[in-house]
Amino acid sequence: MKKQSLWKKMMSVALAAVLIMGVAACGNDSGSGGADSKDSSSVEESSDAGGGESGQGGQETAGDGEVITLTVLGSMGGTDGVSTDDAIGQYIKDELGIVLEYTQVSNDRLKVMAAGGDLPDIVMLHEAPEMVQNLIDAGALWAMDEWLENNGDNLKAKLPEALKYSREVVGQGTTYFLPTEVQIANPENPNKNGFVGFFTRWDYYKELGYPEISTEDEYLDVLKQMVEAHPTTADGKKVYALSGWIDWGLWPYKISYPFSFGYTNLDNNQLYNQVDDLLEDEFLDEDGVFWRALAFFNKAYRMGIMDPEAFTMKAEQYDAKLKNGEVLVAAYNWCQPDTEVCGEDAGMFMLPGPFPYIPQIYPIESSLGYMTTNALVISANCEHPEKAMELFDYLNSDEGARLIRSGIPGEDWDVVDGVPQLIGTRLENFLSGDTVEPGYAKNRGLGTYNWLTSQTATNPAADGYPLDLTTSKEYNLQNVKPAEKDFSAYYTDGKAQYPGEAYVQMVEDGRFKTLSENVKTGRLMESVSDESAKIFNKADEYFQANIAKIITCADEAAFAAQKEKMINDVKAMGYETALAEQQEKFEKAKETVKSFE
């Protein structure tokens, strides 16, 4: 018998009300439509291939009370081949009769497995936007529509536009995947410290007397002064202002800088100007934001403040340098200096002046999520696809989504005085920075299942609080460090209590601009042909292999010559033809977006 969870006892009325409103809202949006990537085969072709409706009728369904195992392929955060036997995994087993067993493989290995028809039950696709279409074309996926017709209340209520995108834009009438990281806007709950950008060492900036910065050159000059004042760390390591890493492709150069001008990144080497609704190619737009980013990093290199190991090290090494004080600017918010090494005044925050936009200082509307880039699919090999869908629907309910984000109800969190709050060891460990019982949250399974839900951590449940309670303002306020207080007080005359609030105040004061949603047009493009996709991938690999050559140019003349060479090399791949096709897809997306309005 399934246990009566705390959540069900205390919140059933609120949940029912929200689901009714959500379904009503979904109904109101039923005339709207779709998102980012690929072309797909017709419904008839999909069915004949075994992934459509005709392939569903014979699927075996687990009986009541039976416990079944679903195999999962992807990055769940665990060890290869180990069943999910932690506390959260046990809770899911008790609730749904499902045991999860997973394996992690590279995307290259995934392609081999797909080609051999050797996929497990569920596949979590990560940073592989072309894989959904490839798997659809191969008939490797189970179509979700027949099940969704009479089931999936949570999926339909929480993800109406994401499902529409999956079905109409990519599946051409059939739903084959669920996007992840679908996000609801929440301006009243600022993120603790923004998202991506140029997070700069606050203590060193303060030490210089808070110099005014209004241009990129002035920013680089300030960074150089910091490096000159602190050329080495306490353990003798050389200090640089900026750095990078190689195992995320061109991420260090196409995210922080372009996002600071109101752009977002798309598939096929495209950057989308969300302010002006324009598509910009990274490589051939010679005056575009990507080339301006490379020029910015090249200037830093010529000033001696760009780390030469940026072109050889991995992300974990980059993080280690940030923590140790070897790098003074972080490209994202989730890594900060180790205060035991760098001092309690060490923190990294975004300074107003050099860049106009500050991205995602609070959760913004992103109804299409990560589209095909990070998606959930069910293999046509799955013996219990209905149970896989039941799992997805449960993990998109308020109960299931908060379970995997915040922990076991009654053990890790509880409703106290009408407010959901962390309790016990979970609370003590959070407030202590994971020192009361190191690894407690991870050992419970927190973080292991995040990619099996389509909702992001900050989305509010029926009670109005985030699924991940630690992302709420209440918990941000309980764990504010000295540097965070100092930064916030300086820029807001004490009005803001932590950096996220300070950024919101800076936007209101006109120091920064921000966007309140991910504009859909650039994300609603259908996929290009396989031939064009191969050209785009080849060009991306070429730029990754040559990124050091352009950033380490000795002067502006050398930069211009290397830039011309790289552009010509890419054109020689047939890139202009592929780009013309991409631009046609963008023009079509301008029409598609109207059905989502």
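1. Residue numbers start at 1 along each chain as its sequence is written. In this predicted model local features need pLDDT of at least 70, side-chain atom pairs count only at pLDDT 80 or more, and totals for chains, interfaces and linings use all residues, while side-chain values use heavy atoms, with hydrogens and water left out.

2. Three strands form an open sheet in the order E6-E7-E8, paired antiparallel. Strands are DSSP runs (E, at least two residues; helices are H or I, at least four), numbered from the N terminus, and two strands pair if DSSP finds at least two bridges between them. Strands E6 (263-266) and E8 (278-281) are the edges, each pairing on one side only. E7 (residues 270-273) pairs with E8 over four bridges; Leu 271 has Glu 280 in E8 as its bridge partner.

3. The whole structure holds 47 aromatic pairs (ring centres of Phe, Tyr or Trp, the latter by its six-membered ring, within 6.5 Å; planes under 30 degrees apart are stacked, over 60 edge-to-face, the rest tilted). Trp 245 and Trp 251 are a tilted pair, because their planes stand at 40°, with centres 5.4 Å apart. Both Trp 245 and Trp 251 are buried (under 20% relative accessible area; exposed is over 50%, partly exposed in between, with a 1.4 Å probe and protein chains only).

4. Tyr 257 and Phe 355 pair edge-to-face, at 5.8 Å between centres and 80° between planes. Tyr 257 lies in helix H12 (residues 256-259) and Phe 355 in the loop between strands E10 (348-350) and E11 (375-378), 98 residues apart. Relative accessible area is 2% for Tyr 257 and 5% for Phe 355.
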